[in-house]
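I opened the notebook for a quick look at one model. Below are my entries, in the order I made them.

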Amino acid sequence: MRKFLVIAISTTICIIAFVVSKTIISVLLYKRWRKKHMIHEEGYSEGKMVIFRTSVLQSLTSEVLLKKTQKLSNKDIIGSGGYGVVYELKLNDSAAFAVKRLNRGTAERDKGFERELEAMADIKHRNIVTLHGYYTAPHYNLLIYELMTNGSLDSFLHGRSKEKKLLDWPTRYRIAVGAARGIAYLHHDCIPHIIHRDIKSSNILLDENMEARVSDFGLATLMEPNKTHVSTIVAGTFGYLAPEYFDTGRATVKGDVYSFGVVLLELLTGKKPSDEAFMEEGTKLVTWVKAVVGQKKEELALDNSLGSCPMQEVNKVFNIAMMCLEPDPMKRPTMAEIVTLLGQTESDNLVKAF
């Protein structure tokens, strides 16, 4: 009995020591994260401003930045989405940022805001829009992003920018490669891995060099590495959602792949996922293109504004899109494989050039 008591006490002490040590390590790691990422973190009666380590914003105090954001009005709006309105914030003649205002609503929306911050804090990639800081208050939140001067792919294909400048085939191809690399980074290189959950042309932004930058992680769900790739939070945009989503309500990396396939079709055809041209009930972009590709008549689906194009390369991109749009998610490639396939097409062009 005495021996049993000694063993029980020893076990209890070990458990307590383990819990305490784990708590201490967690606190130290959190402090290290804060020191690495936060230049300013200042509290106000209304809320709190946090600025991450950037060469532009670190010279400003949070109070100055907050005052500038509070002066934003409707004339500064440059876009809107499911999570909020986006404003252009000009600091001076040479520095400007995109500020996304998220109205605080249900607890679920607040959790989504926190997930976005956690997902964006460490992400640094040439094809991902950079998050510079945020402001959180009782009634709304602000996210401060790098400003993409050329807007979105959606605006170039379907909106006002289409009237200003047509996208030629080399530019469209470069956008496809850049977007694929950005999504592949989220899927394969981020720990925990990230499902974007809302891949669409309006969430692919274009910088001053027309390079693609993947944006909007408000609906992103972090996954534990080596565990499930499934999340049950409803998200996404009609026309881009994988067919299995309507049966399960679950978002997966292969769902992102399907959505990227739809974006490839937009780049190829210049049409929206549910274009007005599809008058027949039940017909949409994916259905129409699959029928055309099945007949080996891809040139009939190609955007008329493109003019003469290298059809061998165009057909290869059509085929990659069809792989992404496989009804069975298990048959779809990963984003890493898509980057490789598109890279092979890019390499083929370089060989032809010589």
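Predicted model: local features only at pLDDT ≥ 70, side-chain atom pairs only at ≥ 80, totals over all residues.

My notes cover a helix, an aromatic pair and a site listed in a record.

**Entry 1: helix 9.** I began with residues 285–294, which make up helix 9. Which residues of helix 9 are buried? I found Leu-285, Val-286, Val-289, Val-292 and Val-293. These residues lie on the same side of helix 9, because they cover an arc of only 130° around the axis. Next I asked what the buried residues of helix 9 pack against.

**Entry 2: aromatic rings.** How many aromatic pairs does the structure hold? I noted one. The partners are Tyr-245 and Phe-246, with 6.4 Å from centre to centre and 85° between the planes. I logged the pair as edge-to-face, because the angle between planes has to be over 60 degrees for that label.

**Entry 3: the record.** I turned to UniProt, where an unreviewed entry lists Lys-100 under "binding site". Where is Lys-100 found? I located Lys-100 in strand 5, which spans residues 96–103. Its relative accessibility is 6%, so Lys-100 counts as buried, the cut-off being under 20%.

Definitions and conventions. Residues numbered from 1 in each chain as written. Heavy atoms only, no water. Buried < 20%, exposed > 50% of the residue type's maximum accessible area, 1.4 Å probe, protein only. Helix = DSSP H or I, 4+ residues; strand = E, 2+ residues; numbered from the N terminus. Arc of directions from axis to C-beta. Contact = heavy atoms within 4.5 Å. Phe/Tyr/Trp six-rings, centres within 6.5 Å; stacked < 30°, edge-to-face > 60°. UniProt positions renumbered as here; feature names shortened; annotations may be inferred.
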